[in-house]
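User: Could you take a close look at the charged side-chain pairs here, and then tell me how the nonpolar residues group together?

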Amino acid sequence: RMEASCLELALEGERLCKAGDCRAGVSFFEAAVQVGTEDLRTLSAIYSQLGNAYFYLHEYAKALEYHHHDLTLARTIGDLLGEAKASGNLGNTLKVLGNFEEAIVCCQRHLDISRELNDKVGEARALYNLGNVYHSKGKNVANAGTHDPGELPDDVKNALQKAANYYEENLTIVTELGDRAAQGRAFGNLGNTHYLLGNFRSAVLAHEQRLLIAKEFGDRSAERRAYSNLGNAYIFLGEFETAAEYYRRTLQLARQLKDRAVEAQACYSLGNTYTLLQDYEKAIDYHLKHLVIAQELHDKIGEGRACWSLGNAYTALGNHDQAIHFAERHLEISREVGDRSGELTARLNLSDLQMVLGLSYSTNNSMMAESHVVENSLNGGRPRGRRYSMENMELMKMTPEKVPNWS
Amino acid sequence: QPLAGGQATELQSKVVPSKQILHSDNMEMEPETMETKSVTDYFSKLHMGSLVYSCTSKRK
């Protein structure tokens with residue numbers, strides 16, 4: 001009777017998770033664990049699914065705990081395939097938690113067992129996971145570094161190159177297997193790895209393949225991701241018109257998919273692209289659209305970013321009233337969110353604008369004094385503060401062979 | 001007046017430097033894949049058919 005109810009609870013958990021209700025699924029799996037079972041294979045399956053459910057719920061500490069239980073259990077009962085799967089899941093979870101070294105060990109174990117069992121599907125999946133770990137590792141080291149923009153430290157380059165190699169290895173197998181969905185995923189992440197390595201042409205080729213597969217499957221989210229990634233790569237190739245075209249398609253799909261946050265991101269990218277094209281009217285149009293959505297989503301950082309961009313675009317057009325309005329708004333928001341460097345950037349902008357409008361220095365001594373302090377701390381007058389105030393935003397020299405900086 | 005104009009030009013090039021670009025580095029990654037297990041895998045491998053039922057009823 002007890003056995004039956006554990007199994008029944010687990011089956012209901014599975015049904016709920018498959019239906020997309022992980023939260024409810026977790027309750028059933030946990031109830032199943034409470035009831036308990038002597039069948040260790042059933043228990044292993046429950047732990048594994050609990051781990052995955054918590055992973056999808058972004059509760060990674062819990063996911064780690066259950067995948068670890070599953071791994072121990074699989075080893076206890078000598079279930080090699082089960083051990084491989086548990087190792088892979090544990091590896092993915094460790095990656096998200098930033099524990100890259102252990103993640104690599106786990107994913108490597110997944111790979112080794114799959115090869116031992118001559119399990120091609122498992123081997124390919126382990127290679128994809130390894131690629132993801134090395135990609136994250138490279139990105140993480142780069143973010144933490146204090147190197148100059150455009151200079152990729154060796155450890156970052158090595159990790160990213162390894163990621164690219166694993167994705168390529170994965171692609172060889174999944175192409176043999178004719179698994180188009182897996183090919184799509186590998187092309188997407190391979191493209192992103194080439195992008196970080198500064199191989200923008202290769203990035204474009206990979207994202208074009210990703211796009212093709214997304215269309216085959218009618219997967220509009222993947223299609224939208226490909227457009228966005230293609231836009232980013234074309235920016236670095238200096239082909240701004242093409243980038244704008246891809247960002248426009250991103251925007252179109254974001255609207256169809258009713259994803260406001262993605263729509264905002266697309267507007268922001270378009271605003272920046274039209275700035276590069278020196279079409280400031282269009283830039284303003286898109287930055288205003290971005291601003292409206294940022295306000296709607298209560299995204300203060302996005303709002304500040306929009307105001308900063310709008311201030312710049314209006315300055316470029318010589319509309320100083322609007323420029324001052326947005327520079328002041330940027331200052332206000334920077335204060336609100338406690339963005340000290342954003343605040344100083346806004347002060348700099350305001351003092352610049354006041355100078356252009358012919359206001360005397362003496363009218364705002366304190367502001368100018370503070371600006372000079374900032375100016376002196378900058379290397380070669382480069383507006384560091386402006387860069388640091390923008391999360392996910394970069395100011396960089398337009399040399400395509402250089403990789404993006406990682407601020 | 002000419003001075004103000006000159007300043008405006010200077011400011012414009014300072015705000016949007018021709019050699020610098022604004023770039024949003026919002027890279028979009030593909031989803032992770034997790035390995036899946038199911039409580040029915042094991043049963044369906046051992047015996048085909050409605051084993052879950054027979055197994056549970058046997059235990060009752």
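Analyst: Start with A:Arg75 and A:Glu83, which form a salt bridge with their closest N and O atoms 3.1 Å apart. The term here means a side-chain nitrogen of Lys or Arg within 4 Å of a carboxyl oxygen of Asp or Glu. A:Arg75 is partly exposed at a relative accessible area of 48%, while A:Glu83 counts as buried at 7%. For those words, buried is under 20% relative accessible area, exposed is over 50%, and partly exposed is in between (1.4 Å probe, protein chains only).

Before going on, a word on the ground rules: this is a predicted model, so local features need pLDDT of at least 70, side-chain atom pairs count only at pLDDT 80 or more, and totals for chains, interfaces and linings use all residues. Residues are numbered from 1 along each chain as its sequence is written, chains are lettered from A and ligands numbered from 1 in the order in which they are written, and side-chain values use heavy atoms, leaving out hydrogens and water.

Next up is A:Glu169 with A:Arg115, a salt bridge whose closest N and O atoms are 3.2 Å apart. This one links distant parts of the chain: A:Glu169 sits in helix 8 (residues 154-177) of chain A and A:Arg115 in helix 6 (residues 100-116) of chain A, 54 residues apart. Helices are DSSP runs of H or I, at least four residues, numbered from the N terminus. A:Glu169 is partly exposed at 35% relative accessible area, and A:Arg115 is partly exposed too, at 39%.

A:Arg248 and A:Glu245 also meet in a salt bridge, 2.8 Å from N to O. Both lie in helix 12 (residues 240-256) of chain A, three residues apart, or about one turn of the helix. There's a network as well, linking A:Lys300, A:Glu303, A:Arg329, A:Glu332 and A:Glu336 through salt bridges. Over all chains, the count of salt bridges comes to 30.

Now the nonpolar side. A nonpolar core is a set of buried Ala, Val, Leu, Ile, Met, Phe, Trp, Tyr and Cys residues joined through side-chain atoms within 4.5 Å. The largest has 34 residues, and A:Tyr195, A:Tyr234, A:Ile235 and A:Leu270 have the most contacts inside it. Several helices of chain A each supply at least two residues of this core, among them helix 8, helix 9 (180-197) and helix 12. A second, separate core has 31 residues, including A:Val133, A:Ala163, A:Tyr167 and A:Ile213.
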